[in-house]
Amino acid sequence: MNKERLNERRAKEIVQRELGISLDHSDKNGGVDYRSQDGSIAVEVTRVTDEDVRRGLRALSESDKSPVTGTPLRACWLVFTSQTAPGLKTLKQRVHPLVAQLEQAGLNFFFDQRAQRHLLQGREHANLYHELLQMKVERALASPDSAAREPDHQHRVYVAVGGGGSASGSNEAVALLSEALAATTDNVGKLTASGAPQRHLFVWIDGATPFAIERALSHRPPSWDDDGGNGFGLPTESPTLDPAFTHLWVVHEGSGRGWLWDGEAWRSLEDDRSEPQ
């Protein structure tokens, strides 16, 4: 008999609160996770994650345990690197002084492809770019608003692993999520077999979800888009879903922020028990 898992129970509580219904755990031997008491609603809980990213995050967490020293930064920076980059356990300690050098050179970004051209042409900052490329840094971006934070705020380097860059906004994040869901058949089979008129797929995302998908809901500092002013607010376009899904729930496990697609429109969700990461 399949036991109810913690993340399933948390998803159930969110659905019950938002819809004002009661759900029963029904996955006894591999069926759909939850059903409403009248059988009209079925809910399946899943997760979109990348195990390579998860391993990279475990290595990167070792870097968080050691102090980061060097020249104070003028802004917070978000650094993108591969989950297979060497030396993730000390990455923040090694990348901080290089980011400080970018600031001292009057730069607020780094892109690996542009840096490669600088190296080939022997242009300015080639040595600095070489060091960043050796560390497998793909991009580094200064937060445009972090310099204006409260006086005692300490600017830091935040690292995202996994590659693939970031979506341009919430609609693109939903499109990428739809593609990830289309690559699996298990959820479709369970919800179709439930026979319920309403078939809800509840998707957890987290720090190991491809960053292009999770950025819109993570709101980890430094956050460029808390107000959604740059395209990372509520989606405005319909997801591309298998007919097995009538409703789509997407919630970030760390921030507690999420969206619900009810078949016609999106609305925002928030889990009050979560603390933004």
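**Entry 1: lining of the second largest cavity**

I sorted the lining residues of the second largest cavity by type and got eight nonpolar, no polar and no charged. The model I am reading is a predicted one. I then wrote down the names: Ala 173, Val 174, Leu 177, Ile 205, Ile 213, Leu 217, Val 250 and Trp 259. For the volume of this second largest cavity I noted about 40 Å³. I also looked up how many cavities of 30 Å³ or more the structure holds, and there are two.

Which helix gives the most to this lining? I found that α6 does, with three residues. Two helices, α6 (170-182) and α8 (211-218), each supply at least two residues of the lining.

**Entry 2: helix α5**

I moved on to α5, which covers residues 126-134. I listed its buried residues as Ala 126, Leu 128, Tyr 129, Leu 132 and Leu 133. Around the helix axis they cover an arc of only 160°, so they sit on the same side of α5. I checked the other side of α5 and found Asn 127 and Gln 134 exposed there.

Leaving out residues up to four places away in sequence, Leu 132 touches Val 95, Leu 98, Leu 102, Phe 110 and Val 137.

Leu 132 turned up again in the largest nonpolar core, which has 29 residues. It is among those with the most contacts inside that core, along with Trp 77, Val 79, Val 95, Phe 110 and Val 157. I noted the elements that each supply at least two residues of this core: the helices α2 (51-64), α3 and α5, and the strands β4 (77-81), β6 and β7 (157-161). The largest share, six residues, comes from α3.

**Entry 3: the other core**

I found another core lying apart from the largest one, with 23 residues. Val 174, Leu 177, Ile 213 and Trp 259 are among them. I had already written these four names down as lining residues of the second largest cavity.

Note on methods
Residues are numbered from 1 along each chain as its sequence is written. This is a predicted model: local features need pLDDT of at least 70, side-chain atom pairs count only at pLDDT 80 or more; totals for chains, interfaces and linings use all residues. Side-chain values use heavy atoms; hydrogens and water are left out. On a 1 Å grid over the protein atoms alone, a cavity is a set of points where a 1.4 Å probe fits but cannot get out, and a pocket is an open set with protein on both sides within 12 Å along at least five of seven lines; lining residues have an atom within 4 Å of a point. Grid points are joined across faces, edges and corners, and a volume is the space filled by probe spheres set on the points. Helices (H or I, at least four residues) and strands (E, at least two) are DSSP runs, numbered from the N terminus. Ala, Val, Leu, Ile, Met, Phe, Trp, Tyr, Cys and Pro count as nonpolar, Asp, Glu, Lys and Arg as charged, and the others, Gly among them, as polar. Buried means under 20% relative accessible area, exposed over 50%, partly exposed in between (1.4 Å probe, protein chains only). The arc is that of the directions from the helix axis to the C-beta atoms. A nonpolar core is a set of buried Ala, Val, Leu, Ile, Met, Phe, Trp, Tyr and Cys residues joined through side-chain atoms within 4.5 Å. Contact means heavy atoms within 4.5 Å.
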